[in-house]
Amino acid sequence: RISMSMRRALRAAVRVPRTPLPPALIRAGRPSSALAAQVRGFAKIEVKSKQAQATAYEIQEAVKLVKSFATARFDETVEVNVKLGVDPRKPNQMVRGLAELPYGLGKPIRVAVFAKGPKAEEAKAAGADIVGADDLAEKIKEGELNFDRVLATPDCMGIVGKVARILGPRGLMPNPKMGTITMDVTEGIKSCKQGQVAFKTDRNGTLSCPVGKVSFPDEALVSNLTHFIQGLEKAKPSAAVGQYFKRATISSTMGKGFRLDLKYPPFTKPKVMRRPE
């Protein structure tokens, strides 16, 4: 093992006082010259990554950087974090809605439906994972939450209200503004299965949402991200004034985050060149 004094000397030699040594180098016990070279290279990588994080990129470039820094042994989720110029404390400036991701999220979405009679049969035929009414509410009370989205028909909202304290904090409570209270259960289930995501700002005007997996092609991630930003634009409240998009960052589960340049689409509408008359 390398002593603490040797590590301090190596850090001072390469002028990176706070850069930690890679665990693999500490376990290897290599000679000081080879170790110093490795530390110097490690420091350069750290500097480059910090410079990359401080720069704003177009969506295509940011997606490539996120994928290059995703080194975990599992398929990491790609997430986008957006800061909006709204004040969620005011009811007329709350931003919430749905966004359609054409390439989905890379994982199966489990849908539970509160319905009775013919609508329950329609939901089962449409591919719902769990269908029920009072029996489904009892399962939820017992702690069985084996689903990702919840739909309900209007006549079952009285039953849903019994488990509102359980579904509400988890973001699963059906809401007419989110399209999760509907009589067209077939279309609702289809939208959920295809990658429809719900978003809602927190008290600071910030929201986060997954847009795919690192294993997705670049074009798929760019398309999902573009559709998500367009969904935010559609949900812009009329009371919001000033700059709507304040900041946007894209990152993977275990990787670094990279800022998106707000001067380019989809944050701004592309300019249309008019032909001279």
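Mentor: Start with helix H5, residues 117-126. Lys119 and Glu122 sit 3 residues apart there, so about one helical turn separates them. Keep in mind that this is a predicted model.

Trainee: What do Lys119 and Glu122 form?
Mentor: A salt bridge. The closest N and O atoms are 3.2 Å apart.

Trainee: Why would such side chains pair at all?
Mentor: Opposite charges can pair when the charged atoms come close.

Trainee: How accessible is Lys119?
Mentor: Partly exposed, at 23% relative accessible area. Glu122 is also partly exposed, at 24%.

Trainee: How many salt bridges are there in the whole structure?
Mentor: The search finds 7. Take Asp129 and Lys193 as another one: their side chains meet at 2.7 Å, N to O. That pair links distant parts of the chain, 64 residues apart. Asp129 is in the loop between H5 and strand S5, and Lys193 is in helix H9.

Trainee: And how exposed is Asp129?
Mentor: Partly exposed, with a relative accessible area of 43%. Lys193 is partly exposed too, at 35%.

Trainee: Which lysine does Asp134 meet in a salt bridge?
Mentor: Lys162, with an N to O distance of 3.9 Å. This one also links distant parts of the chain, 28 residues apart. Asp134 belongs to helix H6, residues 134-141. Lys162 lies in the loop between helix H7 and helix H8.

Trainee: Where do those two fall, exposed or partly exposed?
Mentor: One of each. Asp134 is partly exposed at 41%. Lys162 counts as exposed, because its 52% is over the 50% cut-off.

Trainee: Back to H9. Is Ser191 buried or exposed?
Mentor: Buried, since its relative accessible area of 10% is under the 20% cut-off. Ser191 is found in H9, which covers residues 185-193.

Trainee: What does Ser191 touch, leaving aside neighbours within four places in sequence?
Mentor: Glu100 and Gln196.

Trainee: Let's zoom out. How many helices and strands?
Mentor: 10 helices and 10 strands.

Trainee: What share of the residues is buried?
Mentor: 43% of the 277 residues.

Trainee: Last one. What share of the contacts with a separation of 6 or more joins residues 24 or more positions apart?
Mentor: 71%.

Terms used:
Residues are numbered from 1 along each chain as its sequence is written. This is a predicted model: local features need pLDDT of at least 70, side-chain atom pairs count only at pLDDT 80 or more; totals for chains, interfaces and linings use all residues. Side-chain values use heavy atoms; hydrogens and water are left out. Helices (H or I, at least four residues) and strands (E, at least two) are DSSP runs, numbered from the N terminus. Buried means under 20% relative accessible area, exposed over 50%, partly exposed in between (1.4 Å probe, protein chains only). Contact means heavy atoms within 4.5 Å. A salt bridge is a side-chain nitrogen of Lys or Arg within 4 Å of a carboxyl oxygen of Asp or Glu.
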